[in-house]
Amino acid sequence: MTDVNIDWDNLGFDFQPTKTMFVSKCEDGKTWKDVGLVPFGNFEISPAACVLNYGQGIFEGMKALRTKNDEIVLFRPIENGQRFYDSAIRLCMPPYDPARYVERVKEVVKANVEYVPPYGKGALYIRPNMLGTGSMLGVAPAPSYTLFIWVNPVGPYFKGGFNPINLEITKKYHRAAPKGCGAAKTICNYAPSMYAAIEAKKRGFAQILYLDAAKETYIEEVGAANFFAVIDNVLITPRAPKDGSILPGITRKSVLQLAKDKLGMKVEERDVSYEEVFKASEVFCTGTAAVVTPIGSITYEGKEYEYVGGKVGEITQKLYDLLTKIQLLEEPDPYGWVVKVE
Ligand SMILES: Cc1ncc(COP(=O)(O)O)c(C=O)c1O
């Protein structure tokens, strides 16, 4: 099963080279021709590549988990493939068929199976990228593209595992603008967020809680995770606005469904102001990497609002348990969300 030299008990969210990656090329800007599985390693790129000059690149994130019975499973990979497709369209790149994407993802996981952590120790994070690698000078879509899928074993995203994190609301920076590309997973959304995140970390916060860029009133999301609040027993999440400033998270969608179906909760996707959130009984964030991460406090203009006495809230815990048990096939999966890698 796992004979690679990795300290599984101390896995973080750090780069760790693996054995094999998948590569596909689109030389004519239209048709993808798969190169197939190749050893993980560097590749050459023209200094005039569109991605290096103008940021024409997208990515995805997914996890392969090992179950108690030693099966390897993926969570909603077709939805992930669909988002990769949608992101490609947004950046004028040739989209890759989602069903084909899922098959390629499975091949990469199988080729690196020894890097899937033992049950309960973490996950094999799967990172698909599509880049405009063709050379050009003017600002326009690249003439040719490269797609690759690589993997990396990981432990929990937030240090400290399933413990509440502390966030800070800022009006100094925004993540995405209305009518911008926040709803697509483009590489250009992430570099600008680093400065804000580093500043927040220096002040002792795990991440920034971003507000909408137009009115600076409504909660958007947490760096790389979606936001939820429980207010008067209703589960509320900022709507994934049609103007495209919030990433439509797959975990977000799953948590909304589980809260409705399994906890019988009323759920709302709507604008939620930070002032309203200060009155919430529980707050948490969701993502492939973050899973369901409780938020212990939110600080705004130096004032800290604490939730559940800094402990894990009851609804947060229930949703975490429901989601992770379905993901690991420890609870029935009536939705067909879990896909085995066989
Ligand atoms: C900006 C942003 N928001 C939310 C999410 C959570 O989305 P998902 O649940 O699909 O991982 C991610 C991670 O993919 C993200 O990068």
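1. Let's start with the ligand. Among the 16 residues around it, those that come nearest are Y190, E221, I250, T251 and T288; a residue counts as near when one of its heavy atoms lies within 4 Å. Please remember that this is a predicted model, where local features need pLDDT of at least 70, side-chain atom pairs count only at pLDDT 80 or more, and totals for chains, interfaces and linings use all residues. Residues are numbered from 1 along each chain as its sequence is written, and side-chain values use heavy atoms, leaving out hydrogens and water.

2. Now look at the ligand's oxygen atoms. One oxygen atom is 2.5 Å from an N or O atom in the side chain of Y190, and an oxygen atom is 2.6 Å from an N or O atom in the side chain of T288. For I250, a polar backbone atom is 2.7 Å from an oxygen atom of the ligand.

3. How much of the ligand does the protein cover? On its own the ligand has 380 Å² of accessible area (Shrake-Rupley method, 1.4 Å probe), and the protein covers 96% of this.

4. Next, the second largest pocket, with about 770 Å³ of space. A pocket here is an open set of points on a 1 Å grid over the protein atoms alone, where a 1.4 Å probe fits, with protein on both sides within 12 Å along at least five of seven lines; lining residues have an atom within 4 Å of a point. The volume is the space filled by probe spheres set on the points, which are joined across faces, edges and corners.

5. Of its 39 lining residues, K63, L65, V291, Y320 and T324 are the closest to the centre.

Conventions
A polar contact is a pair of N or O atoms within 3.5 Å; within protein, one must be able to donate a hydrogen and the other to accept it, and residues adjacent in sequence count only if both atoms are side-chain atoms.
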